[in-house]
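Dear colleague,

I am passing on the structure below, together with notes on what was found in it. Please read the notes with the coordinates open beside you.

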Amino acid sequence: MFSKYIYCLLLIVLQHTGSVQSIYKRWKPNTNFENPNNWNVGRVPCGSDIVKFATGDALSPTVYIQTNTTIKELWLPMNGELIFGDNSILSFTDTATDDANCPDADGELEYIRGPKEWVDPDNWCYSQTERGDCQDIPLLDSEKVPGLYDDVVFPPEKSFFVTLGVNMAFKVKSLKISGSSLSTSSFKSFVQSADGSRMFPPPNQGAGVLSSVTISRTKCKTPKSGCASGNDQGQILDEICKIYKDRCNRARCQSSLTPLASCCQICGGLFNVTIDTGFNITEFENILQTQFLSGKTGTEMIVSRLSIKENLVQLVIRDKTGEVSTKTAMDIKNDMDKDLSQGGHKYAISSVSLAVSGAGIGPNGPSANTGKLGGGGITGIVIGIMIAVAIVLLVLYLLNENNRRNLRNRMSRLTQPTSNVTMGGGNPITRRIQTLRHNFNRGDDDLHSIGTELGTINTSFENQMYGEPLDDRNIQDFHLSLSETQPATFDSSGFDNPLYDTKEPASTGKESSKKKKKDAGDSGHL
């Protein structure tokens, strides 16, 4: 058997415990060959598979094989161990397998199971008996890991790979590995052996000292009022939360609470209760369950003794949003206050305090009665948003129409005749010149009439620093100079400025008109 093979060093120190009422924490992961979670393709090797274990210097776990298996090829680990169960057979074949239950792996099957951490709450099963079914009951995160009064079990016919971590001191009531019960000293000897190191690998060099496990074999001395697990503070709690905090469900409420000895925030109520003489933790739970929680699906209660403070019991009432649990917690608080005012005989407590989370937050916002939106509320919001969008679009449309109307009015004013246009401000002249250029091809008569409409243009201004201003010129001369302008070139001679032409003497209107017609035919539009 597997237990006889791997734990032969422990036989001389076997100790058996009697049947006692206790809580069992059973290790769930295993490194067995037939566990599909241990392989990179999510299935057990078969048929034409090439099976490969780690071939480097890294320590490989002990792998237990207890089923008959046929494969094509097996690459053994350099530093590991395969153990065959009774009557198990491993066969090899070169014949290709066409089996729907053994799909092609497209290459090698690799064993991927690495060590799992002792302080990971998800690696432990809570049970009332050594081999009983795992029970899904609400516990604080630190309570899911074996504590001072728990019986720890690594079940038979399984192989394991467990990281104890460094510099921690675990305390448990008892410890069994494949049916063999160990003491503190025998467990320490096993961990230091070759077989034990494949199950509890040593830490990397320089990382610290391998954590210890003390097996106390002591029972809770105050079973009526309960006992603390011992994991509710210090380094053990810190290491638990390092692993577990990222797995916490997001608290869907405002002002969420974090219970003592827990890593995750909750929605609901959090009580700190100081117990008095005669307190019975089982009766306390029964009263609350019967009177306040019966029929309330989804609302959970956790009652825990804590070692942080003597005579402290923590009561947690929680649900996903706090919608029901906050009201339930306040009802419980009122009942406890009433009992205290009458002598405290019902609950056997001396004081109680309560903190509650804020309003619940659903997927789309606050929830009803605690801020949650119903279907009508959501419909109202949607309609309101649609109305607001329509108003915004209407305002933008009106503003756009107003801007377009203003632009048309301005263009209309610019196209009207203007007299006595001056250089003051600059914009009127600029606009008018652009109008002249746009209408240049309308003909000589039209341009002449436009020039007449403009009247006299002051083409200069008086600069107090540079003496006398330039002489004004007649608009007709300005018109003619425009007609004489040639297309711009990029030679060294430059080009004439139509506003400041000083190269040619002034000519008569008649001669200029003839010259303009000739040049316009040669050079095209401005």
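Within strand 15 (residues 180-182), the bridge partner of Lys176 is Ser181; strands here, like helices, are DSSP runs numbered from the N terminus, with E over at least two residues for strands and H or I over at least four residues for helices. This is a predicted model, in which local features need pLDDT of at least 70 and side-chain atom pairs count only at pLDDT 80 or more, while totals for chains, interfaces and linings use all residues. Residues are numbered from 1 along each chain as its sequence is written, and side-chain values use heavy atoms, with hydrogens and water left out.

Lys176 belongs to strand 14 (residues 174-177), which pairs with strand 15 in the antiparallel sense over three bridges, where two strands pair if DSSP finds at least two bridges between them. The hairpin that these two strands form has two residues between the strands, and Ser178 takes a positive phi near 50° in it. Strand 14 also pairs with strand 11 (residues 150-154), in this case in the parallel sense and over four bridges, and there Lys176 is the bridge partner of Val153.

Is Lys176 buried or exposed? Its relative accessibility is 17%, and therefore Lys176 counts as buried, the term meaning under 20% relative accessible area, with exposed over 50% and partly exposed in between (1.4 Å probe, protein chains only). Ser174 and Lys176 point one way from strand 14, whereas Leu175 and Ile177 point the other way, and all are buried. Not counting residues up to four places away in sequence, Lys176 touches Glu130, Val152, Val153, Phe154 and Ser181, a contact being heavy atoms within 4.5 Å.

Leaving aside neighbours within four places in sequence, Val273 is in contact with Asn311, Leu312, Val313, Ile349, Ser351 and Val352. The C-alpha atoms of Val273 and Leu312 are separated by 5.9 Å, although the two residues are 39 residues apart along the chain.

An open sheet of three strands has the order 5-2-8, with parallel pairing. Strand 5 (73-75) and strand 8 (108-110) stand at its edges, each with a single partner strand, so one side of each is left without a neighbour in the sheet. The twist averages 20° from one strand to the next. Strand 2 (residues 50-52) is joined to strand 5 by three bridges, and Ile50 stands opposite Glu73 in strand 5.

As for helix packing, the axes of helix 5 (residues 281-293) and helix 6 (residues 325-341) come within 11 Å and cross at roughly 120°, which means that helix 5 is oblique to helix 6. Axes are lines fitted to C-alpha atoms, for helices over the stretch in contact, with angles from 0 to 180 degrees between N-to-C directions; under 35 degrees counts as roughly parallel, over 145 as roughly antiparallel, 65 to 115 as roughly perpendicular and the rest as oblique. From helix 5, Phe284, Leu288, Gln291, Phe292 and Leu293 meet Thr328, Asp331, Ile332, Asp335 and Met336 of helix 6.

For the protein as a whole, the secondary structure comes to eleven helices and 22 strands, and buried residues make up 38% of the 526 residues.
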